[in-house]
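Here's a quick briefing to read with the viewer open. Have a look at the model, then go through the points below.

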Amino acid sequence: MTVPDFRRANFNLCTENPFRLTPPAAQANPNVTSNGDNANAASATSEHSAQYKSTQQNYPDPSFSDIFSAFSEVLTQRKAQGLAFLELTNSELMLIKKSFFVTVFACLAAFAVGTVCWLILNIAIGAILHSVGVSYVVVPLLLLVLNSVAAFCLFKLAQNAFNYLSFSRLIQTWRRVFG
């Protein structure tokens with residue numbers, strides 16, 4: 001099957017319908033050439049009106065095998081389109097699954113390492129404040145304020161990572177596809 005080159009097409013004005021550029025008889029007869037001149041177009045249309053009356057059918061008559069191959073091609077394209085949609089859905093689900101496992105593992109690892117480091121840091125800060133001469137009542141209050149600020153910052157970081165665990169991207173993809 002060849003694709004027609006529309007850049008080299010020549011159009012004639014048709015007398016039977018001013019909105020149709022080329023009459024069907026001229027489309028069916030490839031031997032006719034036109035240079036775009038109105039006089040040539042009028043003579044070409046008068047020649048083609050006789051040919052149009054003599055031919056009974058100007059349009060191609062497709063065979064059953066052509067129609068069947070066209071339908072099978074459409075079916076193949078739709079199947080490929082459906083498989084591409086399923087692959088997109090699968091990739092979104094895999095992203096959600098990976099994000100969930102990475103978030104859980106990162107939280108557990110951060111908790112284990114952070115607990116040890118935080119205890120060591122709190123002991124060091126308490127010892128430094130005590131050596132400076134701060135009273136025993138103020139040292140735990142300062143450590144409590146410092147720990148509360150750090151916990152709030154870590155909570156915001158975890159909340160930001162948790163936003164990627166939603167199904168909203170997958171639902172948006174489905175809405176775009178299914179309208």
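Which residues in α3 meet which residues in α4? On the α3 side they are Thr103, Trp118, Asn122, Ile125, Gly126, Leu129 and His130, and their partners in α4 are Val139, Leu142, Leu143, Leu146, Asn147, Ala150 and Ala161. Sorted by class, the residues of this α3–α4 contact come out as nine nonpolar, five polar and no charged. Keep in mind that this is a predicted model.

**Overall layout**

- Of the 179 residues in the protein, 16% are buried.
- Take the contacts with a separation of 6 or more: 57% of them join residues 24 or more positions apart.

**How α3 and α4 pack**

- Helix α3 covers residues 64-132 and helix α4 covers residues 138-162.
- Their axes come within 11 Å and cross at roughly 160 degrees. Since angles over 145 degrees count as roughly antiparallel, that crossing makes α3 roughly antiparallel to α4.
- As for handedness, α3 passes α4 in a right-handed crossing.

**How α3 and α5 pack**

- Helix α5, residues 168-178, also packs on α3, at an angle of about 165 degrees and with the two axes 10 Å apart. That angle makes α3 roughly antiparallel to α5.
- Here too the crossing is right-handed, with α3 passing α5.
- From α3, the contact uses Phe85, Leu88, Thr89, Glu92, Leu93 and Leu95. From α5, it uses Arg169, Leu170, Thr173, Trp174, Val177 and Phe178.
- By class, the contact of α3 with α5 has eight nonpolar, two polar and two charged residues.

- Is Thr173 buried or exposed? Thr173 counts as buried because its relative accessibility is 8%, and the cut-off for buried is under 20%.
- Thr173 lies in helix α5 and touches Leu88 and Glu92, if you skip residues up to four places away in sequence. Both of those partners are on the α3 side of the α3–α5 contact.
- Trp174 is found in helix α5 as well. Trp174 counts as partly exposed, with 36% relative accessibility.
- Leaving out neighbours within four places in sequence, Trp174 is in contact with Phe85, Thr89 and Gly179. Among them, Phe85 and Thr89 belong to α3's share of the α3–α5 contact.
- How far apart are the C-alpha atoms of Trp174 and Phe85? They are separated by 9.0 Å, although the two residues are 89 residues apart along the chain.

**Cysteines**

- If you're setting up bonds, note that a search of the whole structure finds zero disulfides.
- Cys107 is partly exposed, at a relative accessible area of 43%.
- Cys153 is partly exposed too, at 48%.

How values were computed
Residues numbered from 1 in each chain as written. Predicted model: local features only at pLDDT ≥ 70, side-chain atom pairs only at ≥ 80, totals over all residues. Heavy atoms only, no water. Axes fitted to C-alpha atoms, helices over the stretch in contact; angles between N-to-C directions. Helix = DSSP H or I, 4+ residues; strand = E, 2+ residues; numbered from the N terminus. Parallel < 35°, antiparallel > 145°, perpendicular 65-115°, else oblique. Left-handed = near helix turned anticlockwise from the far one by under 90°. Contact = heavy atoms within 4.5 Å. Nonpolar A, V, L, I, M, F, W, Y, C, P; charged D, E, K, R; others polar. Disulfide = S-S within 2.5 Å. Buried < 20%, exposed > 50% of the residue type's maximum accessible area, 1.4 Å probe, protein only.
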